[in-house]
Amino acid sequence: MDSIPANRRYWNQISSAYQHEHDPQIGAAPRLWGMSSVPDAHLQALGDVSGKRVLELGCGAGQWSRSLAAEGAIVVGLDLSEAQLTAAAREMGAARYPLVQGAAEQLPFASGSFDLVFCDHGGLSWAPPHLAVPQAARVLRSGGRLVFNVASPWFEACYDNESRRVTTTLHRDYFGLNTIVEEHGAASYQLTYGDWIKTLRGAGLIIDDLIEPRPEPGTPNGYNETDPPDWAYRWPAEMLWVTHKP
Ligand SMILES: C[S@@+](CC[C@H](N)C(=O)[O-])C[C@H]1O[C@@H](n2cnc3c(N)ncnc32)[C@H](O)[C@@H]1O
C-alpha cells in the first residue's frame with residue numbers, strides 16, 4: 001500500500017493542532033522518548049552524537065534534531081510533511097541543521113551517508129517497515145546505528161477505537177496488526193515481534209537491544225488516555241529498537 005500521499009495530507013492537516021498540543025511535552029527537555037517522555041539519560045539508547053552524521057527519520061517539528069544539533073551532531077531532519085518541516089524551521093534555534101522533505105520509503109541520500117539514523121514515532125511508525133528499514137540500513141555506514149521508538153504490539157492490540165483509549169482488553173488480533181487505519185485515510189504500521197526481528201535482520205542489521213521504556217508510576221501519557229491510568233507502568237506501551245549495521 002502506498003500511504004505516502006495520504007500520510008502527507010494528514011500530517012499537513014493536523015500539524016498546527018498537533019504542535020499546539022504536544023510540542024510543550026516533546027520539547028520540554030532534550031532527548032525525551034515517546035508518549036511518556038522517558039529520558040534517554042535513563043535508557044542510554046542513543047549514545048554520544050557529537051561529530052556524528054545523524055538522520056532523524058520523520059523529524060516533525062525537530063525537537064530531537066535541534067537538541068542533537070546543539071550537542072554537536074551533524075543532523076539532517078527528514079519529514080514527509082511540509083507543514084511539519086515549517087514548524088521545525090520555525091523552532092530551529094541557534095544550532096542550524098538542514099531539513100529535507102522526503103519519505104522514509106525512498107530516502108534521497110547516498111548509501112553510507114550517516115553514522116546514526118533514528119526516530120521517535122517517526123518514519124518507522126508511518127511507513128511500511130519492509131520498505132523503511134532497508135532504506136535506513138542502506139544510508140547507514142558500516143558500524144552505523146539504527147535506533148527507533150515505536151508503539152508496541154501490546155499497545156496496538158489493546159487500543160479501543162470506540163472509546164479511543166488503551167484498555168486491558170484485547171481489541172484486535174496480534175497477528176493482524178500490519179496496517180493501522182488512522183484518521184482521514186492515513187496509515188501507520190505495526191509488526192509482530194517476530195516480524196520486526198525478521199525485517200531488521202533481513203536488512204542486514206544486528207539487533208543490540210530491545211528497550212521497553214517504562215515510565216515512573218504516575219507519569220501521564222501525553223497522547224492517549226489509558227485505563228488504568230498507569231497502563232504503561234504495567235505493560236510495555238513502546239519498544240525502542242537498538243541495532244547496528246555490521
Ligand atoms: C509523531 S511525529 C514524530 C516526530 C516527533 N518525534 C514527534 O513525536 O512529534 C510523526 C512524523 O512522521 C512524519 N511522517 C509520516 N509519514 C512519513 C513517511 N512516510 N516518511 C517520513 N516521515 C513521515 C509525519 O509528517 C510526522 O511529522
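A salt bridge here is a side-chain nitrogen of Lys or Arg within 4 Å of a carboxyl oxygen of Asp or Glu. The model is predicted, so local features need pLDDT of at least 70 and side-chain atom pairs count only at pLDDT 80 or more, while totals for chains, interfaces and linings use all residues. Residues are numbered from 1 along each chain as its sequence is written, and side-chain values use heavy atoms, with hydrogens and water left out.

**Stop 1: aspartate 227 and its neighbour**

Select aspartate 227 and arginine 165, whose side chains form a salt bridge with an N to O distance of 3.6 Å. Aspartate 227 sits in the loop between strand 13 (225-226) and helix 9 (231-234), and arginine 165 in strand 9 (residues 165-166), so the pair ties together parts 62 residues apart in sequence. Helices (H or I, at least four residues) and strands (E, at least two) are DSSP runs, numbered from the N terminus. Aspartate 227 is partly exposed at 33% relative accessible area, and arginine 165 is partly exposed at 27%. Buried means under 20% relative accessible area, exposed over 50%, and partly exposed in between (1.4 Å probe, protein chains only).

A cis peptide bond joins aspartate 227 to proline 228, with omega about 10 degrees. Proline 228 belongs to the loop between strand 13 and helix 9.

**Stop 2: the cavity**

Next select Thr219, Pro229, Asp230, Ala232 and Tyr233, which lie nearest the centre of the largest cavity among its 13 lining residues. On a 1 Å grid over the protein atoms alone, a cavity is a set of points where a 1.4 Å probe fits but cannot get out; lining residues have an atom within 4 Å of a point. Grid points are joined across faces, edges and corners, and a volume is the space filled by probe spheres set on the points. The count comes to 1 cavity of 30 Å³ or more, and the largest holds about 70 Å³ of space. Helix 9 gives the largest share of the lining, 3 residues. By type, the lining divides into 6 nonpolar, 5 polar and 2 charged residues. In this division Ala, Val, Leu, Ile, Met, Phe, Trp, Tyr, Cys and Pro count as nonpolar, Asp, Glu, Lys and Arg as charged, and the others, Gly among them, as polar.

**Stop 3: arginine 31**

Which residues are linked with Arg31 in a network of salt bridges? Select Asp40 and Glu71 together with Arg31 to show the network. In the pair of arginine 31 and glutamate 71, the N to O distance is 2.7 Å. This pair links distant parts of the chain, 40 residues apart: arginine 31 is in the loop between helix 1 (4-26) and strand 1 (32-33), and glutamate 71 is in the loop between helix 3 (63-70) and strand 4 (74-79). Arginine 31 is buried at 14% relative accessible area, whereas glutamate 71 is partly exposed at 33%.

Check the backbone of arginine 31 as well: its phi is near 55 degrees, a positive value in a residue other than glycine. Most residues other than glycine have a negative phi, and most peptide bonds are trans.

**Stop 4: strands 3 and 6**

Select aspartate 115 and arginine 53, which meet in a salt bridge of 3.2 Å, N to O. Aspartate 115 is in strand 6 and arginine 53 in strand 3, so parts 62 residues apart in sequence are tied together. The structure holds 9 salt bridges.

Move on to histidine 121, in the loop between strand 6 and helix 5. Histidine 121 has a positive phi of about 55 degrees although it is not a glycine, and is partly exposed at 25% relative accessible area.

**Stop 5: helix 6**

Select residues 129-139, helix 6, where the buried residues are Pro129, Ala132, Val133, Gln135, Ala136, Ala137 and Val139. Elements in contact with these buried residues (heavy atoms within 4.5 Å) include strand 3 (53-57), strand 6 (114-120), helix 5 (123-126), strand 7 (140-151), strand 11 (187-189) and helix 8 (193-202).

**Stop 6: helices 1 and 4**

Finish with helix 1 and helix 4 (residues 82-90), whose axes come within 7 Å and cross at roughly 35 degrees. Axes are lines fitted to C-alpha atoms, for helices over the stretch in contact, and angles run from 0 to 180 degrees between N-to-C directions. Show Arg8, Trp11, Asn12, Ser15, Tyr18 and Gln19 of helix 1, which meet Glu82, Ala83, Gln84 and Ala87 of helix 4. The residues of this contact divide into 4 nonpolar, 4 polar and 2 charged.

Methods. 1 Å grid on protein atoms, 1.4 Å probe; cavity = no way out; pocket = protein on both sides within 12 Å on 5 of 7 lines; lining within 4 Å.
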